[in-house]
Amino acid sequence: MPKLDGVPTSYDHELKAELLYDLCAALVHCGIGTPSHWKESGANGNLFVRQALRDAITQDRLDLLQRNIEYHLNIADVVDRFGDERALEVNELVVLITSGNCGYLEIGAVLEALEQEEKGLGAAFYWELVHSLYRVMRIYDHTDAFMYEERQREYAESDEENADQYEFPEVEKGLPECIRTALKRDRGEHRYADRRLLLRHRSGQFGSWIERLRSIQRHARLYRNRGKDLSESGYYDSPPVPSLLIVFKQHDVIAACFDEESQYMLESVPEPALSIVFCPNNPDEVESTREAVAHFIAINCELFQLVEEIQAWEGQHANRHSDRGELSLRAA
Amino acid sequence: MEPCVISKEELLALLAEKANAPPSGPNELLVRHLKCKESRALAEAIANAVRQYVDPSDPRLLPPPEILPPLA
């Protein structure tokens, strides 16, 4: 029998190579790709793009993100639609950031400490954080848990025969008092008061958290996804995998709701966390895409630096058992 | 040959030249095969066989299953 050992198992080919080299040129024009990258890549366009992007993100930030979440950045001329690859328009590329799991923030002890510092400070911190993140990424928080509870109650009402077999999470009871109270108030009226309160404590003992929050807010305000967003074109059949799960305590009602829902999050084709179609020959589109991706990465880096600072603070201030269990989509 | 470091302008000119160059014949053939579902299925089957049977430390193929009758 002939041996297969030594038989070549890979080859290189190019399809729409002009788009790849246009992308390389666009990266050079905006200062991300350099002649050194070209030399390091051995004149290979794919390696050039990869190395230039990695250097632009920086190794420290890549390490930070990899410790907290599984993001994949991909630039392609086709998109996966209902399991099939569909080509984009001629001369178009798409930058996709997809998440394979979910970051994790346990914020209950933080809110308690902030509330002890001044009443309302914890709630202000929480609301400002979640509302800034809503602008940029999907997160899973108390709002999603409330929606899950409501759906379960609706299912039970429509299934009278088996209604007694349904279990309902009691989300409101599981919230810290400062959040439960704040649910009843008008957010529009309190938004400026919350910001003033946070500003007053910018130099206090929790100032570094507030500065991180302010940085997230700044980037979120500047984040504009101006390109053609595939999520609006019916390409995907479910929302993105959340980039962050925010619970108040480990194994609380929000974690329980997430664990139920997350079992099905990867069954369909979820929308990416970021998807922007652009033409590499159009400098305006390249620049707006670069800006959007840069803000998205910056927000995530600030967020996960905040998460790690909070974890370190909790390690110093609370001698707690930190078993998070073997749960499906939560980042290790 | 390892490329030497060139200027930004030279790199842009090189990239423009590559973007405008017509694809080579073998490249076009590969692209045609990759667009063909049957070719992709065959390539996948061969790749799986290679992964299963190529082992530098023990390159022997596994014995045939009982369902395959002897040749003689």
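Reader: Which residues of α9(A) are buried?
Author: In this predicted model, local features need pLDDT of at least 70, side-chain atom pairs count only at pLDDT 80 or more, and totals for chains, interfaces and linings use all residues. Residues are numbered from 1 along each chain as its sequence is written, while chains are lettered from A and ligands numbered from 1 in the order in which they are written. Buried denotes 20 or more other C-beta atoms, placed from the backbone, within 10 Å of the residue's own. In α9(A), the buried residues are Asp194(A), Leu197(A) and Leu198(A).

Reader: Against which helices do the buried residues of α9(A) pack?
Author: Helices are DSSP runs of H or I with at least four residues, and strands are runs of E with at least two. α9 of chain A covers residues 187-200 and reaches 19 Å from its first C-alpha to its last, close to the expected 20 Å (1.5 Å times one less than its number of residues). Its buried residues pack against α6 (121-134) and α10 (207-222) of chain A.

Reader: Are α6(A) and α10(A) roughly parallel or roughly antiparallel to each other?
Author: The axes of the two helices, lines fitted to C-alpha atoms over the stretch in contact, come within 9 Å and cross at roughly 30 degrees. Angles under 35 degrees count as roughly parallel and those over 145 as roughly antiparallel. α6(A) and α10(A) are therefore roughly parallel.

Reader: Which residues does Phe296(A) touch?
Author: Phe296(A) belongs to the core described above. Residues up to four places away in sequence are not counted here. Phe296(A) touches Ile97(A), Val136(A), Tyr223(A) and Leu274(A).

Reader: What percentage of the residues of chain B count as buried?
Author: Chain A, with 12 helices and eight strands, has 36% of its 332 residues buried. Chain B has three helices and zero strands, in the pattern α-α-α. Of the 72 residues of chain B, the buried share is 3%.

Notes: A residue is buried if 20 or more other C-beta atoms lie within 10 Å of its own, exposed if 12 or fewer, and partly exposed in between; C-beta atoms are placed from the backbone. Two residues are in contact if their C-beta atoms, placed from the backbone, lie within 7 Å. A nonpolar core is a set of buried Ala, Val, Leu, Ile, Met, Phe, Trp, Tyr and Cys residues joined through C-beta atoms within 7 Å. Axes are lines fitted to C-alpha atoms, for helices over the stretch in contact, and angles run from 0 to 180 degrees between N-to-C directions. Angles under 35 degrees count as roughly parallel, over 145 as roughly antiparallel, 65 to 115 as roughly perpendicular and the rest as oblique.
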